[in-house]
Amino acid sequence: MNTTSAVMCRNCALYQTARVLGLETPDCSSLNRIVLRNHPVNKNEVLYGEGEPFRYLYLIHSGSCISDATILGHSRVMGFYLPGEIAGIENIGQKTCNHTTRALEKGTICQLDFSALDETLTPSELINVQKYLLGSAAGHARQLQWERSLTGMQTAEQRVVAFLLNIASRLDSHGFHALQFRLPMSREAIADYLGLAMETVIRTLKSLQNQSLITIKAKNIEITDETALNTLLNS
């Protein structure tokens, strides 16, 4: 599976937003007034920068994104956004953006003007959209909770396994193959995200492959023994 593939409409966050508006498809007048649909983005294109005024949410249709923030004077990888997910959800309720988010690869996004919701939607539509975004924010909070749990994992192997299983679960929730996927981010970015050295990540991935738990072909990953990976994670 290639993460540059477009997420199916029924699993796309835009489609779900349309459904909570009481509409059957994303082709609706209310949503079209506040959404720039299927906007192309190029590799390394910045969607929003740390400290910029918050205005938009970005619904990833195809491709993927990476977020980083400046911590104690150093840039740190804060997370990744996959097809079907909403970049910028962490900025709701704040005046400025916490992170800088850019495209990891060429793709398409749907840009939702969050600042225009009040003036564009009817009161009932607005309530429904707010409920949906609250659910999305709750999902993002669970992802953050998972990320914090990484610090409690004793070994590099557990962190790498947790990362792979987390990516698989998120892709599966949006209709992609859970056991075959592409990691668009660099090994260096994965290492920074997991708090490990890049050499450790590379060595651990090779070890998992030598144990016949995964298969690696460049950036493509196939999970060949999910049960064993979960056993390693919980050992």
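1. **Overall make-up.** The chain holds eight helices and 11 strands. Keep in mind that this is a predicted model. Of its 235 residues, 49% count as buried. Look also at the contacts with a separation of 6 or more: residues 24 or more positions apart account for 71% of them.

2. **The largest nonpolar core.** This core has 36 residues. F80, F163, L164, F181, L183 and L208 touch the most other members. Which elements give two or more residues to this core? They are β5 (74-81), α5 (156-173), α6 (187-194), α7 (198-210), β11 (220-223) and α8 (226-233). The largest share, nine residues, comes from α5. As background, nonpolar side chains tend to be buried together in soluble globular proteins.

3. **F80 and its neighbours.** Set aside residues up to four places away in sequence. F80 then touches C65, I66, E85, L104, F163, R170, M185, A189 and Y193. F163, one of these, is also among the core members that touch the most others.

4. **A second core.** A separate core has 27 residues. Its members include I34, F54, Y81 and V129. V129 lies in helix α4 and is buried there.

5. **Helix α4.** This helix covers residues 123-149, which is 27 residues.

6. **Helices α6 and α7.** Their axes come within 8 Å and cross at roughly 105°. An angle from 65 to 115 degrees counts as roughly perpendicular, and α6 and α7 are therefore roughly perpendicular to each other. Which residues meet here? R187, E188, I190 and A191 in α6 meet M198, V201, I202 and L205 in α7.

7. **A three-strand sheet.** The sheet is open, and its strand order is β9-β11-β10. Pairing is antiparallel. β9 (180-182) and β10 (214-217) stand at the edges. Each has a single partner strand, so one side of each is left without a neighbour in the sheet. From one strand to the next, the twist averages 20°. β9 and β11 pair over three bridges. Take F181 as an example: its bridge partner in β11 is I221.

8. **Strand β7 and its partners.** β7 (residues 100-103) pairs with β2 (residues 46-48) in the antiparallel sense, over two bridges. Here V46 has R102 as its bridge partner. β7 also pairs with β4 (residues 65-71), again in the antiparallel sense, over four bridges. In this pairing C65 stands opposite A103. C65 is also one of the residues that F80 touches.

9. **Strand β8.** Is β8 (residues 107-113) enclosed or open? Seven of its seven residues are buried, so β8 is largely enclosed by the rest of the structure. In a regular strand, side chains alternate between the two faces of the sheet. Both faces of β8 are covered. On one side are G107, I109, Q111 and D113. On the other are T108, C110 and L112. β8 pairs with β3 (residues 56-62) in the antiparallel sense, over six bridges. Y56 stands opposite D113 in β8.

Methods. Residues are numbered from 1 along each chain as its sequence is written. This is a predicted model: local features need pLDDT of at least 70, side-chain atom pairs count only at pLDDT 80 or more; totals for chains, interfaces and linings use all residues. Side-chain values use heavy atoms; hydrogens and water are left out. A nonpolar core is a set of buried Ala, Val, Leu, Ile, Met, Phe, Trp, Tyr and Cys residues joined through side-chain atoms within 4.5 Å. Buried means under 20% relative accessible area, exposed over 50%, partly exposed in between (1.4 Å probe, protein chains only). Contact means heavy atoms within 4.5 Å. The expected span of a helix is 1.5 Å times one less than its number of residues. Two strands pair if DSSP finds at least two bridges between them. Axes are lines fitted to C-alpha atoms, for helices over the stretch in contact, and angles run from 0 to 180 degrees between N-to-C directions. Angles under 35 degrees count as roughly parallel, over 145 as roughly antiparallel, 65 to 115 as roughly perpendicular and the rest as oblique.
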